[in-house]
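Please look over the sequence and the model before reading on.

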Amino acid sequence: MRITCPLCGSRDRREFHYYGGAVYAERPAADAPPEAWDGYLHLRDNPAGETRDLWYHELGCSAWIEVTRNTVTHAVLSARLLAGPERQGRSARSILTKKKPNSGGKGR
Amino acid sequence: MHYSGLKVITEGLFGNKGWKPVWRNPAPKAQYDAVIIGGGGHGLSTAYYLARNHGLTNVAVLEKGYLGGGNVGRNTTIVRANYFLPGNQEFYSHSLKLWEGLEADLNYNVMHSQRGLINLFHSDAQRDAFARRGNAMISQGDDAELLDREGVRRYLPYLDFEQARFPIHGGLLHRRGGTARHDAVAWGYARAADRRGVDLIQNCEVTGIDIENGKVTGVQTTRGAIRAAKVGMIVAGRSGQVAAMAGMRLPVESHVLQAFVTEGLKPVIDHVVSFGMGHFYISQSDKGGLVFGGDLDFYASYAQRGNLPMVEHVMEAGMTLMPMIGKARVLRSWGGIMDMTPDGSPIIDRTHVEGLYLDCGWNYGGFKAVPASGWCMAHLMATDQSHDFARRFRLDRFATGDLLDEEGTGSQHNLH
């Protein structure tokens, strides 16, 4: 799978870190009701077909981008640079979380 | 037809002409006491235990494809009870006990093989974590043994003990862990449910869930409407689409997990072995193929196939751990669609609709859970009360914060 970064062009999927559904870019206000935070953090439409999700160009230009993809065919349809007013001054790296090595040590 | 050694001998003497289809192929009735959406491992075991434990036999399992055609036939067949957290421990411990009696209970050979599971560790910190996990397993009443390096060498002499980057310090041996024949588990439960009167209806896709005044009244299907006061949604990777028919959004994102199998070889790997410093776990099937897998591809997917970076990672990890497998040729790779929850644990719970129940979120660990999931889901559907072993598998735990994060990595969709 290759993703077209709006700044760098077509790049290997390995350069990008997947963050989840594009709903992650729509952070509720700090005083929003708990239901809004539950929806933002946990609940997903999880569509079979076209979806929008958030990726971080970790091994490239460090841009956060919103990718429109098809979850059934893995076709990448488009990607746009995500402007960050909702980040409220937090750097992109500070919200990046990485997968640890096999901490559970279990066969799946 | 009851299977037995005598039956096999008799059939062998008379040309194997007496075997009959293993289950009926009934047309759907207009009404059932309970309907289960999804004819995979969990749906079939739920149907079986509804009949066996609760006497509910006017039950239909609706499957849009063929029985056992989803994840129950696409996994790496590992059966274990090595969980750590209260809530998971009792559940998987119960599941392993059901596995141990499953063949006699179902009168079906599921080829359950308790060949032992060895999780390797590669640092002092990892040894401490595994010792703690082993103690938790023993406290639960299951088995665990901490092996040092020489202990591992005795069982797994073929590992690369000389390499410097990921030295093998030891392993946690779970003797009752092992594998089972995945298709046979689906077939065994299907046959046993059918023998108790459950209708197994294939090629029957649910297209709508009927709800009146907050109560479920039945389902719409490609083979007509079916009325039922209780409906269970047990559809794994497709949970999001089915729950949407009831107006629900779930804490589930579907991801692809890849697995691989080589050409058949003579017996070389006697256990289930997992690498502690990369995602790789392996066993050898009875047919001789090495069956192994890795981690998720880590993006939402319904494609049932993955991408090459994870293939590369799994092969690298395998070669790092046991270079002897380098000459084996990979015959197939495939992907299963995992219903991933934010904390990596499942859901067996009621919904906001009366009579509508949900069993999903099995992540990458659903196969070993097939017996206990059916046991607890049947209890929930029959009594409207959560089974004690599944009491923490709640749908609302993400909103309330009562999480079940076995890996300890956090509650977020891209972490498990």
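In chain B, 16 residues of domain 1 are in contact with 16 residues of domain 2, contact meaning C-beta atoms, placed from the backbone, within 7 Å. The model is predicted: local features need pLDDT of at least 70 and side-chain atom pairs pLDDT 80 or more, while totals for chains, interfaces and linings use all residues. Residues are numbered from 1 along each chain as its sequence is written, and chains are lettered from A in the order in which they are written.

The bounds below come from an automatic or database domain assignment.

| Domain of chain B | Residues |
|---|---|
| Domain 1 | 5-79 + 182-251 + 343-400 |
| Domain 2 | 113-177 + 253-340 |

The centres of the two domains, taken over C-alpha atoms, are separated by 30 Å.

The largest nonpolar core has 123 residues, with B:Val35 and B:Ala193 among those having the most contacts inside it. Such a core is a set of buried Ala, Val, Leu, Ile, Met, Phe, Trp, Tyr and Cys residues joined through C-beta atoms within 7 Å; buried means that 20 or more other C-beta atoms lie within 10 Å of a residue's own. This core draws at least three residues from each of domain 1 and domain 2 of chain B. Leaving aside residues up to four places away in sequence, B:Ala193 touches B:Leu44, B:Ala47, B:Tyr48, B:Ala51, B:Val198 and B:Leu200.

Key: A residue is buried if 20 or more other C-beta atoms lie within 10 Å of its own, exposed if 12 or fewer, and partly exposed in between; C-beta atoms are placed from the backbone. Two residues are in contact if their C-beta atoms, placed from the backbone, lie within 7 Å.
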